[in-house]
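Hi everyone, thanks for coming. Have a look at the structure on the screen, and then I'll talk you through how some of its pieces sit together.

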Amino acid sequence: MALYSRTSKPETYKGDRILTMPRDFFDPPLDQTNILNVSAATLRKAEALIVGCEACSEDAEFPFDTVLDQITGQDPAVTDYVLSEPAKCPRCRGSVVEKTLVEFDPGDSEA
Ligand SMILES: [Zn+2]
């Protein structure tokens, strides 16, 4: 397993690959806000990370758009999302929209 050939301590990642995304590449012009349409495919991926929503989980403390940030690699400070349809909570089947609080599994697995 070549990937494991290094025996030194693993570096501390902050749990994401987002930091490596060169967002300056987009160089937002006048407006700082980035409106992103969330496709159904992206929505499905986000849904897959949801463990519960504010209606069914006491641990739901992140707005759903945080999950979208994770998936899309966008900067939460400048990104607003427009959902093509509400996501569904896998536990209670409730509707989940941008600002619905959710409990999610940040996972580190490759999509
Ligand atoms: Zn729920």
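The crossing of α1 and α2 is right-handed, meaning that the near helix is turned clockwise from the far one by less than a right angle. A quick word on the source: this is a predicted model, where local features need pLDDT of at least 70, side-chain atom pairs count only at pLDDT 80 or more, and totals for chains, interfaces and linings use all residues. Residues are numbered from 1 along each chain as its sequence is written.

So who touches whom? From α1 we have T42, K45, A46 and L49, and from α2 there are V67, L68, I71 and T72. Contact here means C-beta atoms, placed from the backbone, within 7 Å. Helices are DSSP runs of H or I, at least four residues, and strands are runs of E, at least two, numbered from the N terminus.

Now stay with α1: which of its residues are buried? They're L43, A46 and L49. Those three sit on the same side of α1, because they cover an arc of only 115° around the axis, taking directions from the helix axis to the C-beta atoms. On the other side, A40, A41 and R44 are exposed. Buried is 20 or more other C-beta atoms within 10 Å of a residue's own, exposed is 12 or fewer, and partly exposed is in between, with C-beta atoms placed from the backbone.

And what covers the buried residues of α1? The cover includes α2, plus strands such as β1 (34-38), β2 (50-53) and β4 (79-83).

Last stop, V96: among the residues V96 touches are I50, F64 and V102, not counting residues up to four places away in sequence.

Definitions and conventions. Two residues are in contact if their C-beta atoms, placed from the backbone, lie within 7 Å.
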